[in-house]
Amino acid sequence: GPAPDAAQGPQPPPPPPPPRPLLFGAEGRPVPCDWGGLLDERRLVTHLKLALGREARLWRAGTPQVEICDAFQEVVLQLLRLKNIFHFSQSTFNLALTIFSRLLASVKLIPRIKDFIKHYGSGYTPNELLRMELAILDKLHWDLYIGTPLDFLTIFHALVVLGWPHVVELLPQRNPSLHVASLTRQLQHCMAGHQLLQFKGSTLALVIITLELERLMPDWWTPISDLLKKAQISIEQLRCCMDLVKHQLRTF
């Protein structure tokens, strides 16, 4: 007679494997585009090392002059206005702010900064603005390809979600992209404070992640200690930056 399996008809195909996590940016889209495909910890760590290498090569410690510090927040607000007017992405805004912060650490004085803030550029001719752009590029050695704090925030967030999947259950609406968007707003609020210019973007991003995990889960130190090792950030750096971030976020 027929085999028992044949009598029951064709068997249904096995269920598809569960989808692997995607990396979402502040706009809710998978980013960056060159990271396409399935993500795993090895690939993320590779991108983290590349970003850390660029940061170590280009980042300069230093505190801007008092005059620049007083004007810093107003410049950040103007960049934010331009972002909203021209609908730039969060990544573009973050890169512009990172470049501006690098410039502040590279020069002793930015000429006519008060005039620039007063007129928001409207009092300058196109040639004057082009000359200023050229001066900025020369000062930064025409090398603008640096890992931004938002890059590090996105990588750290993805590493946590991949390594500790239960974190997703603790997120608002269980939506990683909404969570990254919320953390991005916190990050950029902190970047508007000149006191935090003394810290690398990787350190600032890790502090934002640390404070959020500390709020969400009791075993927050396990993923953070892992990220500290991967990012080669000391506990002392983390704590020092964390104190200033907490102070800055009081006005968030």
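A: A salt bridge is here a side-chain nitrogen of Lys or Arg within 4 Å of a carboxyl oxygen of Asp or Glu. The model is a predicted one, in which local features need pLDDT of at least 70 and side-chain atom pairs count only at pLDDT 80 or more, while totals for chains, interfaces and linings use all residues. Residues are numbered from 1 along each chain as its sequence is written, and side-chain values use heavy atoms, with hydrogens and water left out.

A search of the whole structure finds four salt bridges. One of them joins the side chains of Glu-212 and Arg-215, at 2.6 Å from N to O. Both residues belong to helix α9, where they are three residues apart, about one turn of the helix. Helices (H or I, at least four residues) and strands (E, at least two) are DSSP runs, numbered from the N terminus. In general, an α-helix has 3.6 residues a turn, so residues three or four places apart point the same way.

Helix α9 itself is mostly covered, with 14 of its 16 residues buried. Its length also agrees with expectation: at 1.5 Å a residue, the 16 residues (201–216) should span 22 Å, and the end C-alpha atoms are 23 Å apart. The expected span is 1.5 Å times one less than the number of residues in the helix.

Another pair, Lys-230 and Glu-41, meets through its side chains in a salt bridge of 2.9 Å, N to O. Lys-230 lies in helix α10 (residues 221–231) and Glu-41 in helix α2 (residues 41–58), so this contact ties together parts that are 189 residues apart in sequence. Lys-230 is buried, with a relative accessible area of 18%, while Glu-41 is partly exposed at 43%.

Lys-230 also forms a salt bridge with Asp-226, at 2.5 Å from N to O. Lys-230 and Asp-226 are four residues apart in helix α10, and therefore about one helical turn separates them. Asp-226 counts as partly exposed, with 25% relative accessibility. Through shared partners, salt bridges join Glu-41, Asp-226 and Lys-230 into one network.

Terms used
Buried means under 20% relative accessible area, exposed over 50%, partly exposed in between (1.4 Å probe, protein chains only).
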